[in-house]
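Subject: Structure handover

Hi,

Here is the structure for you to look over.

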Amino acid sequence: MSVSTHRRASGATLRGRLEGVDRSLPVWVATALAIVALMALPLAWLGYMSVGAEQGTTFGHYREVFRDEALRKALWHTLVLAFWTGLVSVALGAPLAWLTARTNVPGKKLIRALVMASFVTPPFLGAFAWVMLAGPNAGLLNRMWRDLTGATDPLLDIFTMSGLVFVVTMYTFPYVYIMLANTLALIASDLEDAAAIHGAGRLGVALTITLPLVAPAIVSGFILAVLQALALFGSPAILALPAGFHTITTQVWSFFHFPPKVEQAAAVSIPLLLATALLLLMQKRLLGRRGYATVGGKGGQRRTIALGIWRYPALAAVFVVMAGSIFLPYAVLAKAAFARAWAQPLTWSNVTLANFTFTLFEYSSTKAAILNTVELGLATATMGAGLAALLSYVTNRRLVVGHQLVAFLALAPVVIPGVVLAVALFIAYTRPPFVLYGTLAILFVAYLTKEMPVGYAQSDATFRSIPPDLEEAGRILGAGRLRVLRDVTAPLARSGIIAAWCFIFIGVIRELSASIILFTPNTRVMSVVIFDLKEEGQFGAIAVLGLAMLAMTFATVSVVQAALGRDVLGVKE
Amino acid sequence: MIRRILSLTGLVALMLAVAVPVLAQDARVEAAKKEGKVVWYTSLVLPSAEKVAKLFEAAYPGVKVEVHRTGSERILQRVMQELTANIKNADVVHTSDAGHFVFLKDKKLLMPYTPAGVDKFPPGFKDKDGYYFGLRATVTAIFYNTKLMSAAEAPKTWKDLLDPKWKGKLVTAHPSYSGVVATHVLALEKQYGWDYFKQLGQNKLMIVQSAADTPTTVVSGERIVAVNGGEYSAYQLKKKGNPIEIIYPKEGVPLIVSPTAITSFAPHPNAAKLFTDFTFTREIQQVMADSEGLYTGHPDVKYPTDKPKLGDLKLLSADAEELQKRNEEIKKRFVEFFGA
Amino acid sequence: MPGVAIKDLARHYGGVAAVDGLSLDVKPGELVALLGPSGCGKTTTLRLVAGFLKPESGEIWVGDRCLSSPSAVVPPERRRMAMIFQSYALWPHMTVAQNVAYGLRFKRGLPRAEREKKVGEILRVVQLAGYEARYPGELSGGQQQRVAVARALVVEPEILLLDEPLSNLDANLREEMRFEIRRLHEEFAITTLYVTHDQGEAMVISDRIAVLERGRVAQIGTADELFHQPRTRFVAEFIGKTNLVDGMAVKPDAIAHGPLTFRVASDTLVPGAHVALSIRPHHIELVAPNAPKEDGVNILQGSIERASFLGETVDYQVAVKDSDLVVRVAAPAVARLRPGGLVGLRIPRAACVVLAEG
Ligand SMILES: Nc1ncnc2c1ncn2[C@@H]1O[C@H](COP(=O)(O)OP(=O)(O)O)[C@@H](O)[C@H]1O
Ligand SMILES: [Mg+2]
């Protein structure tokens with residue numbers, strides 16, 4: 001009797017043990033390991049390469065790099081570019097955000113759509129367009145200026161540092177706009193009213209209440225803009241090189257010119273990486289401060305400020321900015337696409353479809369590049385959105401030990417500028433055990449890594465909004481974790497994941513700074529072809545490909561907006 | 001219309017010309033067809049390269065040409081970068097930097113192959129060991145925009161360009177991209193020393209990459225004068241009616257012979273040989289002279305009459321060995337004087 | 001129909017012990033309420049039982065199956081349980097019928113027709129026939145709650161877990177649903193753990209109540225036992241109103257509080273020990289001042305400080321003479337007494353419950 005009871009009990013425990021094994025665990029562990037591998041291998045190689053010598057280690061590469069006069073200049077130019085871009089982005093983005101969030105400026109929807117368009121326009125296309133607009137002699141604006149005024153000096157010279165800052169800013173100010181518009185939308189007017197009741201004037205309220213409340217958002221927008229400018233390759237390559245100066249990114253790129261100096265590229269990359277990481281840390285600190293949390297509350301009513309007679313002048317000012325980022329560049333691209341000679345007026349004899357026929361049918365690289373781009377876009381977006389979804393699921397539901405590390409790694413690529421990532425990947429994947437260079441796979445890995453933060457942030461927000469109860473309700477009724485993921489979580493997360501997919505896709509098709517180092521002739525993508533054509537001066541073909549890229553981008557954007565039911569910028573009405 | 005018919009008949013004639021001969025050729029054509037394609041890393045400007053490829057594909061249906069066009073220096077970069085990852089992609093390599101071929105030959109990356117018919121080419125077009133041969137030649141010259149400047153005002157000599165009055169009006173291509181310009185820089189350095197470039201650098205030149213982009217920059221009016229560039233590109237633009245004129249300085253013009261070679265690792269060796277032979281036929285060499293404005297080593301090629309004969313020009317040349325040895329120096333100095 | 005045995009369960013969050021050595025036996029077919037203030041570990045206990053959490057120590061047994069122990073946890077989907085969540089956790093992208101049918105998908109060998117039949121039946125039981133095609137967003141709170149009940153019951157679980165299922169309903173509906181849940185329990189007789197912080201609810205619904213305090217069971221028993229024989233100060237205060245009197249045992253059956261002496265419902269006190277008494281307000285009778293002594297009854301004198309009319313009863317606060325005690329008395333509303341008046345307090349010995357912990 002007692003024996004049989006004993007056996008029953010221990011049998012039950014054993015069965016309990018077996019039943020206790022969570023069959024979905026391998027999936028989560030594999031997911032976590034994937035992100036570790038994705039990040040760790042290239043970064044380890046990068047660090048190793050920068051100190052690697054024939055024997056042992058050396059800081060010789062660093063010494064060489066920082067002793068080099070040309071490099072120090074490039075570093076200085078990068079700092080100047082980044083700082084001014086940040087500043088001007090705030091100067092443009094902040095008033096725009098205020099106008100749309102707080103005032104009765106007309107056409108808010110249109111303004112937001114235009115800011116969104118600047119946000120998704122590949123900056124190198126903008127730079128290219130501005131070459132045609134504001135080249136000091138041939139630039140269309142300068143010609144008009146000369147014709148109108150009879151002046152001999154150009155109005156604008158885009159091949160200067162200020163020209164570069166201007167063009168980069170045109171596509172960077174949306175970062176400030178987004179940060180600020182979302183914050184302003186959360187500050188209740190009663191906070192401001194409270195100050196007004198205590199006798200503060202209008203300006204006083206703005207200075208003592210509103211400004212301190214939005215200051216973290218402004219500074220963090222500034223930092224985001226600086227980060228963009230630090231990492232950018234295309235615009236400096238198009239505008240700074242003709243003017244005879246380098247930035248760090250173009251310098252890293254030129255280290256790959258024959259004979260390649262990969263070690264030096266690595267040695268320059270590491271400080272750039274650290275600088276970026278430091279800036280992001282600052283931004284995080286700022287946003288994590290207590291004061292900002294009160295802004296995050298639902299808050300009360302928000303009053304719109306009547307601009308009175310300034311309504312239309314304000315709108316006009318907005319349009320001036322948008323002319324710089326959208327209207328003029330798009331128009332000149334369209335003109336170049338249809339013109340025999342872009343610098344000549346678009347008369348009948350100058351109109352042609354030859355650029356289209358050449359680019360789309362005769363130029364053998366086009367088709368392959370478009371196919372590669374689409375293929376990579378689809379693959380990266382699908383894999384990326386999937387992996388990001390799994391990762392954010394793992395971290396949200398704390399499915400593995402070290403989930404904080406997983407979250408950190410998924411967001412870590414934010415601090416890695418494209419060229420740095422490319423250098424790291426180039427080093428990692430041109431040698432065993434994984435030789436990926438020369439295949440689309442290396443670009444795929446690069447894009448997957450680079451876009452992971454975007455995908456992760458989007459799906460993290462999605463999963464946060466799905467209460468765990470809903471999954472637990474499925475579990476207790478008999479569904480395994482993976483089954484619940486399929487039946488409950490996935491359908492609820494769908495639109496969020498579609499949006500992540502689209503964000504990644506948009507990011508991939510415009511990617512230049514990593515691609516330019518990682519491509520081989522067989523694995524060229526659209527952005528690289530555009531860059532190659534730029535080096536050869538084939539303006540018409542660039543314009544055609546550029547328009548194709550914009551068309552793909554905007555098609556994707558409209559899918560996101562449909563999926564999310566709101567605009568891409570995340571700015572509430 | 002008439003031009004189109006002419007070029008069509010030209011094409012038919014060409015097809016006949018290559019289709020008829022030698023029977024041994026048949027075996028090679030078959031082998032090439034089996035390989036299916038030839039991969040051509042070329043610095044010949046894009047439209048010209050695509051045209052040669054189309055002609056070849058028309059002559060040998062079933063063998064495709066994969067054109068990978070970029071600047072000479074980038075071609076070497078890519079070939080070497082690919083080899084570090086053990087990628088063997090290029091069959092035929094063609095750049096305007098003869099130094100590359102010295103380098104590649106030393107590294108045993110070239111296949112000795114003498115294309116049919118090159119025995120009649122002048123010595124400057126032939127490697128003594130039979131690895132590479134000059135497919136085409138051009139000179140570098142000064143170009144200016146005829147709408148923005150009269151012939152009288154235009155600079156006449158290389159030294160004229162040093163005049164500070166040209167400040168902000170000049171454009172140069174980049175020796176880190178263009179083999180034509182790398183060769184050009186060396187040829188002028190030997191003539192005038194680095195000092196020439198140091199002074200030129202004072203004039204704040206606009207820097208483009210390709211030697212084909214200096215004439216387009218002049219045509220667009222962005223700069224008035226190009227201090228170097230592929231004369232054939234300028235010639236093509238001029239022939240199409242663009243406001244550009246070419247000046248061949250009396251002190252001499254650097255001659256750039258652009259060699260071609262088959263790689264030792266060519267994945268499609270038969271197609272590569274077939275293609276290389278094809279590019280050295282009189283017909284293709286004539287196409288290069290006619291529509292592209294290039295010079296060639298082929299003795300039977302007739303040149304357009306609106307262009308000086310090579311024999312009439314004083315030619316400055318740069319030795320391939322030296323070009324190879326001083327490759328890094330050229331690029332470094334250029335960056336030093338011009339900024340980027 | 002198995003019962004549930006929870007042995008010495010513990011679970012921490014950071015430094016906080018959410019569940020701290022909790023033991024509990026639920027008999028087959030019994031409904032036990034876990035009652036306690038917010039933050040005492042009710043939800044954590046329930047989630048441990050459901051298998052969403054792994055215990056740090058202790059075991060959870062259902063029948064002869066050990067479902068949770070620090071070394072192994074049978075995942076929720078293989079525990080044959082069902083749960084009703086505070087938020088209902090209905091899936092917004094599924095119709096009522098789909099929500100209810102979901103658990104049946106995992107019953108192997110159940111034909112589709114059978115499944116639909118069961119869904120129809122259970123929806124009739126919860127009075128939601130005709131709502132099959134609605135989405136949860138199109139239902140009222142009470143209806144959503146009933147969908148959640150139907151979804152849990154339709155799978156015929158061995159164990160049913162409910163986490164404050166009524167707390168999102170308005171007061172009237174809450175009253176009604178208490179009886180509804182009790183009725184369903186009587187109909188299906190599923191072993192049930194019911195979490196609530198509302199003692200009234202626990203009393204109406206459950207067979208037994210386990211009062212939780214800081215992650216442990218303070219006392220378990222029927223509503224009657226808890227009310228009349230609370231073992232701790234915490235239980236006495238949490239279940240209904242009470243008067244607590246601290247004192248020192250002077251005899252095996254009496255304690256002293258200052259000059260006052262109470263005869264108590266115990267005769268095993270150790271003289272000199274500190275003791276606490278719980279006296280329910282409605283066990284105290286107001287009598288005329290200077291009422292005669294009786295055997296086994298404590299008579300005290302006091303003056304009325306405040307009287308609040310509550311309808312059926314009047315709530316008096318009486319200051320006891322010669323002491324700092326203010327006791328509350330719930331007296332019938334027939335004879336109204338004014339503040340300031342002198343009264344006698346008649347407290348039977350049986351009403352003075354000695355608490356186990358002072
Ligand atoms: N996920 C969690 N993380 C940290 N602390 C928790 C978590 N869940 C519960 N707690 C803490 O554990 C204690 C018990 O919580 P809970 O079981 O939810 O209480 P109840 O349901 O009785 O209100 C509380 O102190 C609570 O703050
Ligand atoms: Mg709870």
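Below are the notes on the chain contacts and on one lysine.

Please keep in mind that this is a predicted model.

Chain contacts
Two pairs of chains are in contact, and chains A and B share the most contacts. Chains B and C do not touch. Their nearest C-alpha atoms are 48 Å apart.

The A/B interface
On the chain B side, 43 residues contact 44 residues of chain A. The buried area between these two chains is about 3,400 Å². Carbon and sulfur atoms give 51% of that area. The rule finds three salt bridges across this interface. One of them joins the side chains of R69(B) and E536(A), at 2.9 Å from N to O. Polar contacts link 16 residue pairs between chain B and chain A.

Several elements of chain B supply at least two residues each to the side that touches chain A, among them α3 (46-59), β2 (64-69) and α13. The most comes from α4(B), with eight residues. By type, the residues on this side of chain B are 17 nonpolar, 13 polar and 13 charged.

K331(B)
This residue lies in helix α13 of chain B, which spans residues 327-338. Is K331(B) buried or exposed? Its relative accessible area is 10%, under the 20% cut-off, so K331(B) counts as buried. Its side chain makes a polar contact with the side chain of N327(B), at 2.9 Å. A polar atom of the K331(B) side chain also lies 3.2 Å from the backbone oxygen of F258(A). Leaving out residues up to four places away in sequence, K331(B) touches F258(A), E73(B), P175(B) and S176(B).

Best wishes

Terms used. Residues numbered from 1 in each chain as written. Chains lettered and ligands numbered in written order. Predicted model: local features only at pLDDT ≥ 70, side-chain atom pairs only at ≥ 80, totals over all residues. Heavy atoms only, no water. Contact = heavy atoms within 4.5 Å. Helix = DSSP H or I, 4+ residues; strand = E, 2+ residues; numbered from the N terminus. Buried < 20%, exposed > 50% of the residue type's maximum accessible area, 1.4 Å probe, protein only. Polar contact = N/O pair within 3.5 Å; in protein donor to acceptor, adjacent residues only side chain to side chain. Buried area = accessible area lost by both parts, 1.4 Å probe. Salt bridge = Lys/Arg side-chain N within 4 Å of Asp/Glu carboxyl O. Nonpolar A, V, L, I, M, F, W, Y, C, P; charged D, E, K, R; others polar.
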